[in-house]
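Subject: Structure handover

Hello,

The structure I promised is below. My notes on it come after.

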Amino acid sequence: MISPELARIHKFKVTPSLPEKLQPLMEIANNLWWTWHPEAVELFVRLDRPTWQKTNHNPVAMLGLLPQEVLERAARDDGFVNSMQRVRDNLQRHLVRKPWHESLPEVPEDFSVVYFCAEFGLTECLQIYSGGLGCLAGDHLKSASELGLPLVAVGLLYRYGYFQQYLNAEGWQQEYFPDLDFPNLPTERVRHANGEQVKVSVDMLGRQVHIGVWKCTVGRVTLYLLDTNLPENAPEDRAITDRLYGGDMEHRMRQEIVLGIGGVRALDAVGVHPTVYHMNEGHSAFLALERIRRIIAEHDVAFDEAREAAGAAHVFTTHTPVPAGIDRFPPDMMSRYFRQIAPSVKLDMEGLLALGRENVFNKNEFFSMAVLALRTSHWTNGVSRLHGEVSRKMWQSIWPKLPTSEIPIWHVTNGVHARSWISGDLTYLLDRYLGNRWQADPVDHQVWTGIEEVPDEELWRVHERRRQSMIIWARRTLRAQLLYRGTDPDEAREIADALNPYALTIGFARRFATYKRANLLFRDSERLLRMLENTERPIQFLIAGKAHPADGGGKDLIRQLVQFARDSEAGHKLVFIENYDIHVARYLVQGCDVWLNTPRRGMEASGTSGMKAAINGVLNCSIMDGWWDEAYESDLGWQIGRGEEYSNLDYADDVESKAMYNLLEKEIIPQFYERDEHGIPRHWVARMKACISKLAPRFNTNRMVQNYAEKFYIPAAQRTNVMCSDRLKTAIEIAQGKTNLRHHWGKMKIEKVDADVNKPVGVHGKLDVSAVVRLGEIRPDDVRVQAYVGTLDNDGCIVDGETIDLRHTEDLGHGRHRYKGAIPAHTSGRHGFALRIVPGGALAKGMNEPGLIYWDEGPAESAEAEQKEAPAEAEASPAG
């Protein structure tokens, strides 16, 4: 090997020599639109199936490897050329179709979005993803393209991607990192007009780190990828973009500076100026500091004013339900990397560090990327209904004294890109009975009800064909794995051939983290073995997943599973498939009968593998967590438990494993083998149809991206235009208004409350409330005085509260004001209210400001009698 250190190497690019008639193949190969169009994939398979498989389904590399005679023969094949032209025409139609958002009202003319993420799972040949987060990001881009949303994305181009997995003879996970060949992938350098690659730089510990910009085209969406492996960088800086989720804490810090700060600079360098910035997880949150710095440099405003302007455009999606899963950096490390940056955002180092602390006064607290994103974004969401609730509780300390239900963290439930994950066999079946609307119209969510028109026999035949195809692939894959581990060839063949293409097949595939509890299946090994040994109603398990290289507990789970399978007489019916990736996932979610999911409740933010299975008619059996908590209905699958939460984790494992075994033995296995005279499990197929018709329209990324656009992107663009017009006039006014409120907030007091709480209120009646409030120098227009109303629990706490604004009715002089209102009684029982003051006017537009809430804590005075407790309490009696 001759290195650049030894000799000057002159670089040039060699491209495939395609015949003139086949030139459109390169256009198709370089646009990942082909990943969700089977007819495009079929073109490359027709050219040479073995080469397609050898290149891990990489059409760019494949075209460069094919012998010239193969290409010439294809160019002479009129059938192939006509098929290719149809595919190209479909691609061109996709690129010019009318965008969905143009039919919506009040979309700003300059509306555009950039989507930042640390990983993108678009196809198996581009290994810059690790799992669910990356696949979600990839599906987000595909749906944005289908909807015509003006969106670009930014990520990192990892030289070695995420690790590839294999197991040793003892079942321990081993990792290796193949070098990705970017010129032979569907990626290309972004170049200036003079042919030079576009590059930007970031300051890192006093030196400049240079970043090359690449791009990947996904339909209409451009994904910009950042690469520090450049000759002008020092060796340690060239390694910044080496591996996804690799290295130590300092390595992660450097990657996230490149992603967030370098990403904003890269967009500017390529001439892209989005109005909305979406941070998908906190890895890219440093972009907020870069955007604030730029606003300050351009407008010479204070930090709070710049943050107000920048934050209006920031959307932050949190995926992590526990603080331990969030990137956090020690204060001294932050100081070393950001000491030079702090003055440019008009903060001292302590002020900058406070942006990443839950407790701004705790100088020892680590700097949290999620907290930085929360404090610099006007729009935040979790990724399922339950995760939204978990996130509001998790981050309540940032909004002290605010009821959990009002914490400004909403939710958009994740989805999957249906056309990327539905099997080819099922696609053709849907085309016959649903027409092409389910593919051609991404906003038609009613079309899925047409699955009811599909005859049971045809749907079951398609599903059985997918299971059989999966088992053939699994046998071949398992045999290769065993041979690599040193297993005797005859034994390897015997073990692999034991997989039954007609048996009930249960899939479990996900990251091997301990909270996902892959070992719950083995809690009662004897009971499991009895099911596996049943020859009349056979079952088998296909399991896959990677443990993070630093997760010893996850690796041990894999080892335990493999040793159980090796040492048990029926263990050959429990198979671990190595190197879980998009290719493996596609086989499993399309071919299994049941998808098993056993996380600890509250620990799975969403989970998308079960969605991928569901749209293929695979029935879920899951803990009531993540997406399944809002998706479950009795005709769609099975729930393990009913959403209980346990303080004793060992007891929880015992209870929930028994519930899982009961479902398998008493419901799942009997229903699968309950066949009519034609061999069709009618009840099972009815569940499959319900699964597709109800879950496919709800849990797909077309719906998800629509939700993001309507709930966050378009409102963020509108708010940004208001904030940033007229040289940031509104942003400055709001920031200064908040500063003024903070200065005078502690001087406010609710002096007197009048309400006749001793007299019962009839249902549909109302309770009149009057309050005297001392606001001091704060104007009444800048606050809202509210009654927080709800039922009382046995501890006297208001539960399920709602707010009612009181009207300002009188200026009493000397900063004192009277407010009045009426509390309606909708239901009978014990109710209570408490008064509070929150920001009003322009400050109150859907935003709850941390620290700006005042509750009436003193004894409230009634017109009839002094009440000794708060909240004020009243009985609502039945109307009579």
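Predicted model: local features only at pLDDT ≥ 70, side-chain atom pairs only at ≥ 80, totals over all residues.

Residues are numbered from 1 along each chain as its sequence is written, and side-chain values use heavy atoms, with hydrogens and water left out.

Overall: the C-alpha trace of the protein chain spans about 95 × 70 × 50 Å along its principal axes. The radius of gyration is 30 Å, which agrees with the value near 29 Å that a compact globule of 880 residues would have (taken over C-alpha atoms; the rule is 2.2 Å times the number of residues to the power 0.38). The secondary structure comes to 28 helices and 30 strands, which are DSSP runs numbered from the N terminus (helices H or I, at least four residues; strands E, at least two).

Sheet: four strands form an open, antiparallel sheet in the order E21-E23-E27-E26, where pairing requires that DSSP finds at least two bridges between two strands. Its edge strands, E21 (749-755) and E26 (807-813), each pair on one side only. From one strand to the next the twist averages 20 degrees. Nine bridges join E23 (residues 766-774) to E27 (residues 816-824) in the antiparallel sense, and Val769 stands opposite Gly821 in E27.

Helix pair H21/H26: the axes of H21 (residues 525-532) and H26 (residues 649-672) come within 11 Å and cross at roughly 15 degrees. Axes are lines fitted to C-alpha atoms, for helices over the stretch in contact, and angles run from 0 to 180 degrees between N-to-C directions. The two helices are therefore roughly parallel (angles under 35 degrees; over 145 is roughly antiparallel, 65 to 115 roughly perpendicular, the rest oblique). Arg527, Leu528 and Met531 in H21 meet residues of H26 including Tyr661, Leu664 and Ile669, with contact meaning heavy atoms within 4.5 Å. The contact residues divide into five nonpolar, one polar and three charged (nonpolar: Ala, Val, Leu, Ile, Met, Phe, Trp, Tyr, Cys and Pro; charged: Asp, Glu, Lys and Arg; polar: the others, Gly among them).

Helix pair H9/H12: the axes of H9 (residues 249-269) and H12 (residues 331-338) come within 12 Å and cross at roughly 45 degrees, which makes H9 oblique to H12. Among the residues that meet are Met253 and Ile257 in H9, and Met333 and Phe338 in H12. This contact has eight nonpolar, no polar and three charged residues.

Regards
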